[in-house]
Every structure is written in structure tokens, then in C-alpha cells.
There are 2 protein chains.
Amino acid sequence: MNTKSPLAPKRFPRLPEVAGVSLAAGACGLRYKGRSDVLLATLVPGSTIAGVFTRSLTVAAPVDWCRSALKGGRVRAIVVNSGNANAFTGRVGELAVQDTVKSAAKVIGCPKNQIFVSSTGVIGEPLPVDRLTKALPRLKKKLSPKSWRAAADAIMTTDTFPKGATRSAEIDGDKITLNGFAKGSGMIAPDMATMLGYVFTDAKIAQPVLQQALRAATEKSFNVITVDSDTSTSDTVLLCATGQARHKKVTSVGDPRFKNFRQALESLMVDLAQQIVRDGEGASKFIEVTVTGAASNTAAKTIALAIANSPLVKTAIAGEDANWGRIVMAVGKAGEKADRDALDIRIGGIQVTMDGLRKPGYDETPVAQHMKGEEIAISVDVGIGRGKATVWTCDLTHGYIDINADYRT
Amino acid sequence: MNTKSPLAPKRFPRLPEVAGVSLAAGACGLRYKGRSDVLLATLVPGSTIAGVFTRSLTVAAPVDWCRSALKGGRVRAIVVNSGNANAFTGRVGELAVQDTVKSAAKVIGCPKNQIFVSSTGVIGEPLPVDRLTKALPRLKKKLSPKSWRAAADAIMTTDTFPKGATRSAEIDGDKITLNGFAKGSGMIAPDMATMLGYVFTDAKIAQPVLQQALRAATEKSFNVITVDSDTSTSDTVLLCATGQARHKKVTSVGDPRFKNFRQALESLMVDLAQQIVRDGEGASKFIEVTVTGAASNTAAKTIALAIANSPLVKTAIAGEDANWGRIVMAVGKAGEKADRDALDIRIGGIQVTMDGLRKPGYDETPVAQHMKGEEIAISVDVGIGRGKATVWTCDLTHGYIDINADYRT
């Protein structure tokens with residue numbers, strides 16, 4: 001395994017139980033030796049599920065399955081393996097998904113369309129599905145409401161630390177818990193980041209409402225992070241609600257009782273998304289790019305991503321070089337309206353440009369000091385309108401190349 | 001200076017004289033020590049000029065000037081400096097251009113709008129224009145019809161070798177010469193590659209015809225190369241025709257006498273564009289990506305660029321890893337129609353995929369052998385239509401990060 005990212009949180013958070021959710025992780029030897037690589041999560045009958053998926057046009061077989069199963073809106077179990085993405089594996093890949101779903105449905109005792117599967121790892125290798133299905137009965141015996149950390153560990157690939165988060169919210173005075181875990185490190189870009197994410201709650205929420213809440217929170221979290229601009233074939237985020245809380249069911253996304261939950265969900269997903277950036281392959285700096293003054297929020301996001309994805313901006317930050325000229329370049333290449341002579345670029349809050357050139361009397365010393373830190377803040381006002389967006393990324397270092405030049409060997 | 005690229009041509013080609021063109025290079029100490037950094041090229045009265053420029057929305061002051069001067073369609077001199085891009089320098093930058101143009105017009109004895117200027121190097125630093133203007137009388141005395149290599153040397157920034165090419169064509173049985181030189185290494189992407197390019201010919205060509213020929217050749221050369229997907233603020237290609245040849249003037253782009261010239265021009269510009277890729281920052285492999293079977297030529301180019309710009313594809317190639325799953329990923333993220341189950345991916349001409357999965361009996365040995373070479377060929381048929389495109393790029397190595405993490409220091 002690679003060295004732990006210097007940007008990793010101090011520790012994995014303590015995740016409380018979520019009524020109706022049990023987890024088990026194990027090793028079935030798909031690719032890795034001496035570590036877990038399969039996760040089984042089960043939910044009580046009646047649990048609802050929402051999902052968002054990659055926009056790749058070469059999606060993996062498990063994503064095809066989840067999209068179809070989601071129509072039922074119910075979930076009893078999620079099976080995830082790491083080490084093999086079961087992507088671009090053709091008919092063999094579809095059969096592997098069918099085998100997994102069939103075995104899991106039998107072990108759990110539920111209809112097949114209440115089983116969701118994800119696979120992450122190498123693309124194009126047939127999945128040795130027997131090892132996975134054989135592990136399921138064993139995993140069922142190990143199920144526990146406490147195994148959150150083990151679950152987060154089992155789904156990692158090039159991740160250097162497991163990613164988890166928890167929040168609570170109130171509905172009708174009832175305390176609701178939200179737990180989530182995710183994986184992702186490379187092949188990260190909207191839409192979506194290359195990642196798998198799973199969020200569980202005991203709230204009682206109608207499926208369409210759950211879906212709307214998930215989609216909205218994704219736009220503010222997993223869809224505004226980028227590591228390398230590459231889009232995975234397997235990106236999946238699932239949100240499951242067991243309905244074990246006592247409050248009256250939420251049936252409308254506009255329900256004022258639901259606001260607190262939506263905020264908690266967005267906060268949890270932003271936390272997980274930022275952890276993914278902090279584990280960006282080879283990352284040594286966490287970068288927040290904020291664009292204001294754009295023609296629209298969409299234009300602002302396009303400009304912010306042009307900056308966040310620019311290899312020249314990312315390498316300059318890796319070198320702790322306050323090369324703001326490359327930010328000017330990235331704004332220019334984004335293709336969205338920007339007023340060159342009104343550009344206001346700030347690094348670490350310090351204004352660098354004014355009236356179309358370097359600010360008179362600009363002193364690089366405090367900016368250079370900011371560049372030495374682990375958290376870099378870039379903000380750009382493009383002087384056109386009121387559109388704004390914030391995206392998160394990391395720098396581009398030798399570590400990225402080390403990891404990716406020989407991923408398969 | 002950085003070590004010469006392993007992909008560099010053996011030597012700079014021998015460029016013959018072009019009737020009506022003289023060149024001089026010198027050192028005026030703008031940034032570099034112990035090397036030339038300014039070029040003066042002069043042309044006989046009556047010479048016509050065509051130009052294409054960056055599509056960046058934060059263009060440098062010299063580009064603004066050239067766009068405006070191009071309306072006159074005539075050229076007597078081109079002044080180029082390296083080391084400072086005079087980009088994002090506001091009113092001061094415009095004044096620097098005005099000073100340069102005024103001085104050059106006086107030295108040459110011509111109207112100001114027959115002087116063209118380019119600057120390349122760091123963005124955002126004021127150009128010490130006095131050093132440049134002071135050098136002009138000295139350069140005028142050094143003018144020679146033979147100084148092609150010196151000209152190509154003077155405009156380099158992070159380039160590790162000077163880039164030149166020559167072709168000849170026949171018009172009315174008259175032998176026409178085309179000479180060109182260019183610079184570019186990083187911040188290279190359509191449209192255009194970050195680069196400066198200058199082509200000179202003794203042909204007699206009406207300005208609108210020259211402009212159409214340049215634009216068409218650019219689409220097949222500088223607009224289909226990418227190093228790092230970043231777009232420069234300064235990209236400029238100028239094509240000048242002195243009209244010193246004896247043939248009757250070409251006044252229509254469809255003129256059959258002109259076909260041979262257009263082919264020679266495209267061939268010369270493809271040569272220069274490929275040299276830029278061969279000098280891509282840190283490049284160790286030259287990569288040709290061909291996409292066929294797309295919905296349109298534009299769709300094919302989008303897919304080809306998605307592959308060519310993917311950091312994961314580029315790092316895999318740097319590591320000599322035949323990780324074709326990443327090509328599948330890049331096709332999927334391009335957003336253009338592709339039939340996953342009909343994808344035909346070939347590396348070094350060897351078919352890797354068939355019917356939506358790895359080709360049965362696929363033997364990686366010859367592909368791995370191909371990956372060890374310096375010239376990598378990737379072709380993908382996406383199984384939709386008849387659109388096709390070819391783009392050129394290089395791999396992403398530690399060298400790129402070394403060069404760009406501390407460019408300004």
C-alpha cells in the first residue's frame with residue numbers, strides 16, 4: 001500500500017449505529033493479499049434507496065444493474081468488491097453481476113432487485129465471481145451494526161486511508177443518524193468523482209424524496225471535486241433509509257421538517273468528497289477554487305474546473321510557486337465570458353491582480369508563505385455577472401505519476 | 001537548459017534562403033543569460049501576411065496588436081522576444097507593444113501596421129521594453145538570409161531543441177520555397193497549441209488566399225496536438241509571402257496551381273507541430289491517437305483528445321503499461337456517442353478488444369513490446385459512424401512535473 005496521504009484526517013471518525021443497518025467485511029482474494037476486499041451491508045425490510053451514477057458512456061456492468069434495480073426503490077443488501085471493477089467485461093461481466101445478485105438474494109432471502117452491487121479496481125479483467133459468491137454466507141454470519149470502519153477499509157483501492165463521516169439531524173424532535181463511507185483516489189472528476197459512496201440513515205423517507213435529496217447533495221459535493229479530470233466507469237453513490245426512526249414519513253422534499261436532514265446530508269457528503277480530494281493520488285496540497293462574478297453558476301463551475309484541472313496550475317502549486325499567470329491562462333481557456341481587465345485573483349485571500357495587471361505594490365512574500373501550507377485557497381472574480389461556484393482539488397506531484405505509471409504491476 | 005528531449009530529430013534541417021526574407025537574432029537580456037532572446041525578421045515591400053491566434057479569452061497584448069495589424073494584410077517585419085510573454089500586463093503591456101512597433105517601423109522605414117510582434121515566456125511580468133527597442137538597430141545590421149537556425153534558437157523558452165522545417169512546391173513550373181520555425185513545449189493544446197510559428201515563402205499569393213490556406217493547414221497540424229491540455233495566452237502562427245517568385249499571382253484558394261503549395265504547407269506545419277509534441281515537457285514517448293467510426297469528424301476529434309489528454313492514459317504510457325482499460329475510460333468520458341460493445345481498440349496495430357471485452361486469446365506480449373518503443377500508436381473504432389480524426393501527444397512523466405513545479409525560480 002502507498003504511504004498515507006499527508007492531508008489525511010487524524011483518525012477515522014467514530015460512527016454510531018444506524019437502526020436497521022448491519023455490515024460485514026472479509027477477504028476473498030480477488031486481487032489483494034492480506035486485506036479485506038468484499039463488503040456486505042444489509043438493511044431491514046422496507047428500507048428505501050436512492051442512487052446517482054457515472055455519466056460515462058462505457059459504464060461497468062454493476063452500474064447497469066444498479067440503475068435498473070433502482071426502479072424498485074427498495075433495498076435489502078449491498079455487495080461491494082474492490083480490486084476488480086468488472087468494467088468492460090462484456091457478457092461475462094453481466095453474468096458475474098447476475099451470479100452475485102442471485103447468491104446474495106438467496107442468502108438474505110429477498111427479491112433480486114433489492115440487491116445492489118458495486119465493483120472497483122482494474123478495468124477489463126474478468127471478475128472471479130465464485131470467490132465473491134462463496135464468501136457471502138460467511139459474511140452474513142459476521143454482520144454487525146458496528147463494522148463501519150471495516151466496511152470503509154474493504155472498499156479501498158489506491159486509497160491511503162478509509163473515508164467515513166457521520167452527522168445527525170432532527171425530524172419531529174426525533175434524532176436521526178446519517179453515516180457514510182466512500183472510496184476514491186484517482187480517476188476522479190465530475191460527473192462524478194471516481195468513487196463509490198454509501199450513506200445510511202434511520203430516517204423514514206419516501207423514495208422519490210430520497211432521490212431528490214441525494215441528487216441535490218451530490219451537486220454540491222461529489223460533483224465539484226476533481227483530482228485528474230478522468231471519469232470512472234463505475235462511479236456510484238447510494239443513499240439508503242431504513243425508516244426505523246419514529247417520526248412521521250417525509251413525503252415531500254419541500255417539507256420544512258426535512259430541511260435539517262438535507263443540510264446534514266450535504267455536510268456529510270461534502271466531508272466525504274473532501275476526504276477523497278485529500279487522498280488524491282500523490283496529493284500534497286488541498287486546494288479550494290472559488291469563482292465569482294461569472295455569467296452564471298454553470299459558467300463559474302466551468303472556469304473553476306478549468307483552473308482546478310490545469311496541469312500547469314497543479315504543478316505550480318506542487319512546487320509552492322505562486323505562479324498566478326497560469327490562473328489567468330486557465331480562466332482564458334475555459335471558454336466562458338471573463339473580463340481580462342477586471343480579473344481579481346486572490347491567493348490565500350491576498351489580492352494579486354487589479355485592472356488587468358499585477359496589483360501595484362504587489363508583495364509576493366505573504367503569498368509565498370501561503371503556498372507553503374497544506375491548504376491553498378484560490379479565488380477569482382471574473383467581473384461579468386453574479387454566477388459563483390466552489391470546487392476542490394489537489395496538486396499534481398511526482399507521487400501521481402509513481403502511482404499511475406505502473407498501477408497494474 | 002533542460003536536457004534535450006529523447007524524441008528530438010537528429011539535427012536541425014538545412015533551410016535554404018527564401019527570396020525577400022532576412023533574419024537576425026540577438027541577446028537583449030530580458031530574462032535569460034548567455035543566450036539570444038530576440039528575433040528580427042524582415043521582408044521586402046509588397047509581402048503579404050496571414051495569421052491565426054489563440055482562442056484564449058485572456059490574450060496577451062501582442063496578440064491583440066497582431067489581430068488588428070493583420071487587417072492591412074502587409075508585412076515588413078516581425079519582432080519576437082522570448083523570456084517574457086507580455087501577457088496580463090494591462091496598459092503597460094499595450095504601451096510596450098506600441099514602443100516595439102514604433103521603434104521597428106522607424107528602423108525598417110514602414111507603416112506601423114506592417115510590424116508584427118510576439119512575446120513568449122512568463123505571464124504577468126512587465127516587459128523591460130527598452131532593452132528590446134535598443135537592440136533593434138543592432139539587429140538590423142546583422143540581418144542575413146541565412147540565419148534560420150539562429151531565429152529558431154532565439155524564440156525558445158522551455159524548448160530543448162530548435163524546431164525548423166522546409167518544403168518546396170511548384171507553381172507554374174516555378175520552384176517555390178517554404179521555410180518555417182516554431183517554439184512550444186508546455187501549455188500546449190488546441191486551439192492552438194501554445195506556440196509561436198512562423199512560415200515564410202517566396203510565392204506570390206493574394207492575402208485572402210494566404211489566410212484560407214493557413215487556417216486549413218492549422219486545423220490539420222497545430223490544432224490537433226496536445227501536451228497538457230492547457231491553452232496559451234499568446235499562441236500565434238504567421239505565414240508571410242514575399243511574392244519574389246516569378247509565377248503569376250494566386251488569387252483563388254481553389255486554383256489548381258495552388259494545390260501543390262497547400263500540400264507542402266500542410267506537410268511543413270504538421271512537421272513543426274509534431275516537433276512541438278516531441279519536445280513536450282518531460283516527454284519520453286510520441287503518441288499518435290486515431291479515432292474512427294465516430295458520429296462525425298468533430299466527435300472523433302473530441303474522443304481522440306479525451307484519450308490524448310487523459311492523465312491516466314499518459315502516465316500508463318510513461319510507465320510502458322498497456323493499460324487499455326484507461327482508453328475505455330477516456331472514450332466513456334468524452335461525452336460523444338460510442339458503442340461500448342463494438343469498441344475496437346488497437347495498440348501498435350494489435351487488436352485488444354472485441355465484442356465489449358478483452359479479445360479472446362489476447363496476448364499482451366507484443367503489445368508490451370510496442371509500449372517499450374518511443375512511438376506509440378493507439379487506434380480506436382467506436383462503432384457508430386464514419387467520423388475520424390488523428391491527434392498527436394506525448395506521455396506524462398516526472399520530467400513534466402520537474403519542469404513546471406518551479407518554472408519561475
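Predicted model: local features only at pLDDT ≥ 70, side-chain atom pairs only at ≥ 80, totals over all residues.

Student: How many nonpolar residues does the contact of α11(A) with α8(B) have?
Tutor: From α11(A) come A:Ile401, A:Asn404 and A:Ala405, which meet B:Leu312, B:Thr315, B:Ala316 and B:Ala318 of α8(B). Two residues of this contact are polar and none is charged. The number of nonpolar residues is five.

Student: Within chain B, how are the axes of α7 and α9 placed, and is α7(B) oblique or roughly perpendicular to α9(B)?
Tutor: Helix α7 (residues 297-309) and helix α9 (residues 325-333) of chain B have axes that come within 8 Å and cross at roughly 135 degrees.

Student: Is the crossing of α7(B) and α9(B) left-handed or right-handed, and how many charged residues does the contact have?
Tutor: The crossing of α7(B) and α9(B) is right-handed. In α7(B), B:Ile303, B:Ala306 and B:Ile307 meet B:Ile327, B:Ala330, B:Val331 and B:Lys333 in α9(B). Six residues of this contact are nonpolar and none is polar, while the number of charged residues is one.

Student: How far apart are the C-alpha centres of domain 1 and domain 2 of chain A?
Tutor: The domain assignment of chain A gives domain 1 as 21-278 and domain 2 as 286-405. In the contact of these domains, 10 residues of domain 1 of chain A touch 11 residues of domain 2 of chain A. The C-alpha centres of the two domains lie apart by 33 Å.

Student: Is B:Asn86 buried or exposed?
Tutor: B:Asn86 lies in the loop between β4 (77-84) and α2 (90-108) of chain B. Its phi is positive, about 45 degrees, although B:Asn86 is not a glycine. Around B:Asn86 there are 33 other C-beta atoms within 10 Å, and 20 or more count as buried. B:Asn86 is therefore buried.

Student: Is B:Asp355 buried or partly exposed?
Tutor: B:Asp355 is placed in the loop between β14 (353-354) and β15 (357-358) of chain B. B:Asp355 is not a glycine, yet its phi is positive, at about 55 degrees. Because 13 other C-beta atoms lie within 10 Å, B:Asp355 is partly exposed.

Student: Which residues is B:Ile155 in contact with, leaving aside its neighbours within four places in sequence?
Tutor: B:Ile155 lies in the loop between α4 (148-154) and β6 (163-171) of chain B. Because 29 other C-beta atoms lie within 10 Å, B:Ile155 is buried. Its contacts beyond those neighbours are B:Leu39, B:Val80, B:Ser82, B:Thr120, B:Lys183 and B:Leu196.

Definitions and conventions
Residues numbered from 1 in each chain as written. Chains lettered and ligands numbered in written order. Axes fitted to C-alpha atoms, helices over the stretch in contact; angles between N-to-C directions. Helix = DSSP H or I, 4+ residues; strand = E, 2+ residues; numbered from the N terminus. Left-handed = near helix turned anticlockwise from the far one by under 90°. Contact = placed C-beta atoms within 7 Å. Nonpolar A, V, L, I, M, F, W, Y, C, P; charged D, E, K, R; others polar. Domains from an automatic or database assignment. Buried ≥ 20, exposed ≤ 12 C-beta atoms within 10 Å, placed from the backbone.
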